[in-house]
Amino acid sequence: MARVFAHRFGDQLPDSDTGRRLLDIALVHIADSDRANPDKSVRDFADEWAPWLDDDEHEAMIDEAFNRRRRRKWKADALAAELELTFADRQQLKIVTIGAIDMNVDARTTRRRSRKNEGRAQRRHAKGAKPRCQSLAQTQPWKKLGIGRTTYFERKKAGILYDVRTVRTNTPPLVRSTVSAGKIDADDAMTREWNGALSTIARIIERQIQSAKRRAPLGRAARSKSQRKRIDEQCSFTRRLQTAD
């Protein structure tokens, strides 16, 4: 409260009804505090902020403050209403124990929680963490690839994560190497690389098919629809790769 008084009035309160009302609020708070000598603290505060009080009024205000100290208390927002303290002044003066007339306690709690979450997010981002909006749970890349979530992680673990539709439509045909006049054609090296890569993919998928069959030994009828679809797709793709040559 002394910080608010100094911001508004300087080194002392005005000699008016407003000054007396604000001084009364401050004296009640000091009288109800856990200070070692509250009587001296109340008198010193009154002498500092209201030196224009005469002796009778000075003693009367001090006695009134001690008489009401147990019966008159203000909550944060109620005290802010008495002081007409805005949120901007509250922030400027770095006041945390008094509310604001233009932002109640719920709004301040929400704002404080939001700022705390933003600070945590910035610290996580500085350590290399990805934002939640960029997580796999939010982006769901398996949908773009046309596969299920389990298949996506299985292929990612095996190192063969690719778009099946892209491989089928954009892969160049498997062409045998051609030899002309004892010289290997310029495209032969690239063709061998494609042949080797696709053969490796076919072998890995074949191993996945065998593993899936072992996990579902009860036969085709007992397997789930999604599992049958995944196995059929892998078998078809493997056969295409094996016969493409």
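How does Asp 39 count at 33% relative accessibility: buried, partly exposed or exposed? Asp 39 counts as partly exposed. Buried means under 20% relative accessible area, exposed means over 50%, and partly exposed lies in between (1.4 Å probe, protein chains only).

## About the model

This is a predicted model, in which local features need pLDDT of at least 70, side-chain atom pairs count only at pLDDT 80 or more, and totals for chains, interfaces and linings use all residues. Residues are numbered from 1 along each chain as its sequence is written, and side-chain values use heavy atoms, with hydrogens and water left out.

Helices are DSSP runs (H or I, at least four residues), numbered from the N terminus. Accessible areas come from the Shrake-Rupley method with a 1.4 Å probe.

## Salt bridges

The structure holds seven salt bridges. A salt bridge is a side-chain nitrogen of Lys or Arg within 4 Å of a carboxyl oxygen of Asp or Glu. Side chains of opposite charge can pair when their charged atoms come close.

Asp 39 forms one with Arg 43. Their closest N and O atoms are 3.2 Å apart. Both residues belong to helix H3 (residues 38-49). They are four residues apart there, so about one helical turn separates them. Arg 43 is partly exposed, at 26% relative accessibility.

Arg 21 forms a salt bridge with Glu 82, and the closest N and O atoms are 3.5 Å apart. Arg 21 lies in helix H2 and Glu 82 in helix H5 (residues 76-83), so the pair ties together parts that are 61 residues apart in sequence. Arg 21 is partly exposed, with a relative accessible area of 33%. Glu 82 is partly exposed too, with a value of 26%.

Helix H5 takes part in another bridge. The side chains of Asp 77 and Arg 108 meet at 2.9 Å, N to O. Asp 77 lies in H5 and Arg 108 in helix H7, so this pair ties together parts that are 31 residues apart in sequence. Arg 108 is buried, with a relative accessible area of 8%.

Salt bridges also form a network. Asp 15, Arg 20 and Glu 57 are linked in this way.

## A positive patch

Which residues form a positive surface patch? They are Arg 112, Arg 113, Lys 116, Arg 120, Arg 123, Arg 124 and Lys 127. Patch residues have over 30% relative accessible area and no salt bridge, and like charges are joined within 9 Å. Lys and Arg count as positive. The place of a charge is taken as NZ of Lys or CZ of Arg.

Arg 124 is one of these residues. Arg 124 sits in helix H7 (residues 105-126). Its relative accessible area is 49%, so Arg 124 is partly exposed.

## A buried leucine

Leu 23 is in helix H2 (residues 17-31). At 0% relative accessibility, Leu 23 counts as buried. Phe 45 is 22 residues away along the chain. The C-alpha atoms of Leu 23 and Phe 45 are separated by 8.8 Å.

## Helix H10 and its end

Helix H10 spans residues 149-158, and its buried residues are Thr 151, Tyr 152 and Arg 155. They cover an arc of only 105° around the axis, which puts them on the same side of H10. The arc is that of the directions from the helix axis to the C-beta atoms. The face turned away from this buried side carries the exposed residues Arg 149 and Lys 157.

Gly 159 lies in the loop between H10 and helix H11 (164-170). Gly 159 counts as exposed, at 63% relative accessibility. Ile 201 is 42 residues from Gly 159 in sequence, and their C-alpha atoms are 9.5 Å apart.

Most residues other than glycine have a negative phi. Glu 84 has a positive phi of about 55° although it is not a glycine. Glu 84 is placed in the loop between H5 and helix H6 (87-92). At 53% relative accessibility, Glu 84 counts as exposed.

Gln 140 is not a glycine either, and has a positive phi of about 50°. Its place is the loop between helix H8 (136-139) and helix H9 (141-145). Gln 140 is partly exposed, with a relative accessible area of 24%.

Key
Helices (H or I, at least four residues) and strands (E, at least two) are DSSP runs, numbered from the N terminus. Patches are made of residues with over 30% relative accessible area and no salt bridge: like charges are joined within 9 Å, nonpolar side chains (Val, Leu, Ile, Met, Phe, Trp, Tyr) within 5 Å.
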